[in-house]
Amino acid sequence: MKSDKVRLITTTALFTALVTIGTVIIQIPVPGKGYTHFGDSIIYLAACILPAPAALFASCAGAALADLLTGYAIYAPATVIIKALNVVPFILVRIYLKKKKKDDRILNFQTALMLIPTSLVTIFGYLIAEYIMFGEKFAFISAIIGGWLQPVGSMLAFIVFAAALDKIKFKRKIINQI
């Protein structure tokens, strides 16, 4: 029992670190503002693998920590809200799949479909945040120029990572451990 809690805490910490690293290490500059990264793809993986509270913590803490480490601390409060909302579609799908006893893969039709609402959350979440922080003109220019690049890159990376992890039956192995 105690070792199960330790495994869950350890796995959650690992995903938190992976979200931070995926955001900080590989940064592709975006015209107009900021950068795109692969941290969101790790958020999607965490949401498909970890229990809901752990996925929420890893996503929010990892992404906010990346904002603090990369000089974008002003975005950290918005990031916490947006990343929590990014996880919600996957949590809802997992509840559905668990009822159907089909929650053994990371990538399936339902999780692939959830990439659409989670991407819209990212695009419009940061649009709203930038509107509040910097004003209308900056927010809309920023969203048009580069706001869509982040979700598209993360979607593609998630599909590649999830397919590779499914090939080695990672989710079945990890779920049996946590």
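**Entry 1: Terms and model**

I first noted that buried means under 20% relative accessible area, exposed means over 50%, and partly exposed lies in between (1.4 Å probe, protein chains only). Helices (H or I, at least four residues) and strands (E, at least two) are DSSP runs, numbered from the N terminus.

I recorded that this is a predicted model, in which local features need pLDDT of at least 70 and side-chain atom pairs count only at pLDDT 80 or more, while totals for chains, interfaces and linings use all residues. Residues are numbered from 1 along each chain as its sequence is written, and side-chain values use heavy atoms, with hydrogens and water left out.

**Entry 2: Helix α2**

With those terms in hand, I looked up α2. I found that 11 of the 11 residues of α2 are buried, so this helix is largely enclosed by the rest of the structure. Its buried residues are G39, D40, S41, I42, I43, Y44, L45, A46, A47, C48 and I49.

**Entry 3: The whole protein**

I listed 9 helices and 2 strands for the protein. Along the sequence, I read the pattern α-β-β-α-α-α-α-α-α-α-α.

I then asked how the radius of gyration agrees with that of a compact globule. The radius is taken over C-alpha atoms, and the globule rule is 2.2 Å times the number of residues to the power 0.38. For 178 residues the rule gives a value near 16 Å, and the protein has 16 Å, which agrees. Taken along the principal axes, the C-alpha atoms fill a box of roughly 50 × 30 × 25 Å.

I noted that buried residues make up 43% of the 178 residues. The protein exposes about 9,400 Å², of which carbon and sulfur atoms supply 75%; accessible areas come from the Shrake-Rupley method with a 1.4 Å probe, and for residues only the protein chains shown count as cover.

I also looked up contacts, where contact means heavy atoms within 4.5 Å. Among the contacts with a separation of 6 or more, 76% are between residues 24 or more positions apart.

**Entry 4: The nonpolar cores**

A nonpolar core is a set of buried Ala, Val, Leu, Ile, Met, Phe, Trp, Tyr and Cys residues joined through side-chain atoms within 4.5 Å. I found 27 residues in the largest one, and those with the most contacts inside it are F15, L45, L50, F90, I106 and F158. At least two residues of this core come from each of α1 (2-24), α2 (39-49), α3 (52-69), α4 (76-99) and α8 (149-167). Which helix gives the most to this core? I found that α2 does, with 8 residues. Another core, of 5 residues, lies apart from it and includes Y75, A78, I82 and Y126.

I recorded 24 residues in α4 and a reach of 35 Å from its first C-alpha to its last, close to the 34 Å expected at 1.5 Å a residue. The expected span of a helix is 1.5 Å times one less than its number of residues.

Just after α4, I noted that K101 takes a positive phi of about 55 degrees, although K101 is not a glycine. Most residues other than glycine have a negative phi. K101 lies in the loop between α4 and α5 and is exposed, with a relative accessible area of 75%.

D103 is found in the loop between α4 and α5 (109-113). Is D103 buried or exposed? I found that D103 counts as buried, at 13% relative accessibility.

I next looked up polar contacts (pairs of N or O atoms within 3.5 Å; within protein, one must be able to donate a hydrogen and the other to accept it, and residues adjacent in sequence count only if both atoms are side-chain atoms). The side chain of D103 makes one with the side chain of R94, at 3.2 Å. Another, of 2.6 Å, joins the side chains of D103 and K171. Leaving aside neighbours within four places in sequence, D103 is in contact with R94, L97, K98 and K171.

**Entry 5: Three further residues**

I placed T118 in helix α6 (residues 115-134). T118 is buried, with a relative accessible area of 0%. Beyond its neighbours within four places in sequence, T118 is in contact with Y44, N86, P89 and F90.

I placed A64 in helix α3, where A64 counts as buried at 11% relative accessibility. Not counting residues up to four places away in sequence, A64 touches A76, T79 and V80.

Lastly, I found K169 in the loop between α8 and α9 (170-177). K169 has a positive phi of about 55 degrees although it is not a glycine, and K169 counts as partly exposed at 46% relative accessibility.
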